[in-house]
Amino acid sequence: MLPYKTLLRIDKSSRQAVYLQIAGQFIGLIQDGLIQPGTYLPGSRVLAELLDLHRKTVIAAYDELQAQDWITAIPRKGMMVSENLPEIKPRSYNNGLHAYAEGPQFPIYEAPTLPVLRSNQPSKLVINDGFPDARLAPLDEWARECRSIIQRPAYHKYLAFGPAEGNMRLRKEMLKYLADTRGLNIREENVMITRGAQMSIYLAAAMIIQKGDHIIVGSPNYFYADLAFEQLGAHIIRVPVDEDGIDTDMVEQLCRTKKIKMLYIISHHHHPTTVTLSAERRMKLLEIIRKHKLAVIEDDYDFDFHYSAAPIVPLASADHGGNVIYVGSFTKSLGLSLRIGFMIAPEKFIRKTAALRRLMDLGGDNLVEEALAGMLENGTITRHLKKANKLYWERRDLAGELLIRHLPDEVSFRLPQGGMAIWLQFAKHLKLPVVADKAAELGLSMTYGYHYAYKSKPHNGMRFGFASLNNRELVSVVQLLAKAVKS
Ligand SMILES: Cc1ncc(COP(=O)(O)O)c(C=O)c1O
């Protein structure tokens, strides 16, 4: 018998399981010719004693070798090294090579991407794009709801696939919620739950756009919508956005002179500029939509956050002939990682979109969606939104005051009616990327701002996300920003 005790080296401190270490080393010995085909390996009891291991560990190693065809079990004789060794010999388990250190060796498609999002120095203090304060998320209520679901006799139902259109109870709860908040009168067949608003935007666009189709978006526009439309092959026409939203006269003119397949609008707190589409322009858009049978994606990702002014009802709630695909989100209400968004559309559109969705995502998280339904039903979401709105309103006002106090000549902005960010324009003599680099040196992470101008007119602006910063953090952030600007 070979001196297995010295040939096989077991490292109990290694993260690799011991049975895999043994299997890997046997493979190495066979590959090196030290153990020839037809040789019998020691019995599991003998080897276990020799290596001071539990017998089950050796049996697991032999099972692994057998599964890979390196050895064959011969009745009443033991484990024999196979006469026909595997043709594709796997690398030794323990040769230190990273399995994906190289490759792939075939061409791959590249999705459209953005220029740098943020200066690359991670800091404790961050000015983000307009995210909620995760510290406020109603986690106890969330945990209670999940617990109550798994205590139901039929809890296993929620651990199985739900429909691709989304959890039925949530879709039903959405009807009341959308009617109360947006005056939207629909049925559950009109609702599809998706992973965040982003998935709804992509799916809806994929159902409408064919390569080369002309579509209209605002200028500037929400960059991830732009990229989605680009990846679908759309020919994008950009229409300016001013303080009342997208220029509807220009939209109308384009519809009169060109075949326009789709319009993408962000009706409340436009991204990035934060403006809200005025009531007058909404009326005008409705006219255009009906007249030209224009497909519209109305992205209302931020509807639930309003401060000084009441929200205007979405286009989707008015008479649009079924041409408005309405997109919304709960990611900002709960926490960005709880990816629940929704699409509201004619029943036929939802059914066909669900078929497309199934190809990439068989269905959403049934349990998570059921829990959200419970929180809508018992009023948790409404209470949380009320509390968050009050706090974010105060933070918006404080952010505005601090920016005026510390950077009176260096930045300009209008306080948004809602949402989680202020659209901050830097004076001409200041270059945002230079400010961002300076800020990073001072411990403040912020954007270079390039992506806000993606394929639009260059500008020297950024979104100043105030909602996730408490009062103390807001003071520190604005002081650091002022220091970076003035140094
Ligand atoms: C305008 C706009 N639409 C859609 C989204 C995506 O939202 P969600 O996180 O629900 O996918 C965002 C994200 O911030 C956004 O700014």
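Arg76 lies in the loop between β1 (71-74) and β2, where strands (E, at least two residues) and helices (H or I, at least four) are DSSP runs numbered from the N terminus. Although Arg76 is not a glycine, its phi is positive, at about 65°. Most residues other than glycine have a negative phi, and most peptide bonds are trans. The structure is a predicted model, in which local features need pLDDT of at least 70 and side-chain atom pairs count only at pLDDT 80 or more, whereas totals for chains, interfaces and linings use all residues. Residues are numbered from 1 along each chain as its sequence is written, and side-chain values use heavy atoms, with hydrogens and water left out.

Cis peptide bonds occur at two proline positions, as follows. The bond from Gly103 to Pro104 is cis, with omega near 5°, and Pro104 belongs to the loop between β2 (78-81) and β3 (125-126). Ser219 and Pro220 are likewise joined by a cis peptide bond, with omega about 5°. Pro220 is found in the loop between β5 (214-219) and α8 (223-231).

The ligand is surrounded by 13 residues, of which the closest are Ala197, Gln198, Asp299, Ser329 and Arg339; a residue is counted here if one of its heavy atoms lies within 4 Å of the ligand. By class, this shell has five nonpolar, five polar and three charged residues. In this scheme Ala, Val, Leu, Ile, Met, Phe, Trp, Tyr, Cys and Pro count as nonpolar, Asp, Glu, Lys and Arg as charged, and the others, Gly among them, as polar.

A nitrogen atom of the ligand is 2.5 Å from an N or O atom in the side chain of Asp299. Of the 400 Å² of accessible area that the ligand has on its own, the protein covers 92%, as given by the Shrake-Rupley method with a 1.4 Å probe. Two or more residues of the shell come from each of α7 (196-208) and α11 (331-334), and α7 gives the largest share, four residues.

Helix packing was examined for two pairs, with axes fitted as lines to C-alpha atoms over the stretch in contact and angles running from 0 to 180 degrees between N-to-C directions. Helix α6 (residues 168-182) packs against helix α13 (residues 366-377) at an angle of about 30°, their axes being 8 Å apart. Helix α6 is therefore roughly parallel to α13, a term for angles under 35 degrees. The crossing of α6 and α13 is left-handed, meaning that the near helix is turned anticlockwise from the far one by less than a right angle.

Conventions: A polar contact is a pair of N or O atoms within 3.5 Å; within protein, one must be able to donate a hydrogen and the other to accept it, and residues adjacent in sequence count only if both atoms are side-chain atoms. Angles under 35 degrees count as roughly parallel, over 145 as roughly antiparallel, 65 to 115 as roughly perpendicular and the rest as oblique.
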